[in-house]
Amino acid sequence: MILERLMTEDHWGVYLRRIYIKLRIGLLNYRLVKTVEVMEIGQKVKVCRLRDRVNSDVAGKLGKVGVIKNFKMTDGSGVGAVVQFDDKTATWFFEDELKLI
């Protein structure tokens, strides 16, 4: 009741609404960070999309399942995962191209 009364007064109302909005945004950000899946070496992944044009060998891996063997730093836009497939071939993909299984 006190909070509701303070929110109706002009100066306190604006201040408390701003705090409330910041708290809601903070909780949303926390939930988003909490639900991010972390990829680790040895996990099975599926190639779900290809970000760039690639040769036919790599394009053939779309939809295939493999195991993360290592990680690779890309050109500054992120980290790539080196994935080995059942046919013993390996190539790297951006993390957003892979889905954990």
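Which residue takes a positive phi in the hairpin of E3 and E4? Select Lys 88: its phi is near 70°, and the hairpin has 4 residues between the strands. Strands here (E, at least two residues) are DSSP runs, numbered from the N terminus.

Before moving on, note that this is a predicted model, where local features need pLDDT of at least 70, side-chain atom pairs count only at pLDDT 80 or more, and totals for chains, interfaces and linings use all residues. Residues are numbered from 1 along each chain as its sequence is written, and side-chain values use heavy atoms, without hydrogens and water.

**The sheet**

Show E3 with E4. They pair in the antiparallel sense over 5 bridges; pairing takes at least two DSSP bridges between two strands. Find Gln 84, opposite Ala 90 in E4. Ile 68 stands opposite Val 83 in E3.

**The core**

Select Met 39, Val 45, Val 47, Val 58, Ile 68, Ala 81, Val 83, Phe 85, Phe 93, Leu 98 and Leu 100. These 11 residues make up the largest nonpolar core (buried Ala, Val, Leu, Ile, Met, Phe, Trp, Tyr and Cys residues joined through side-chain atoms within 4.5 Å; buried means under 20% relative accessible area, 1.4 Å probe, protein chains only). E3 gives the most, with 3 residues.

**Glu 97**

Go to the loop between E4 (90–94) and E5 (98–100) for Glu 97. Glu 97 is buried, with no salt bridge (a Lys or Arg side-chain nitrogen within 4 Å of an Asp or Glu carboxyl oxygen). Arg 51, the nearest side chain of opposite charge, is 5.0 Å away.

Methods: Buried means under 20% relative accessible area, exposed over 50%, partly exposed in between (1.4 Å probe, protein chains only). Lys and Arg count as positive and Asp and Glu as negative; His and the chain ends are not counted.
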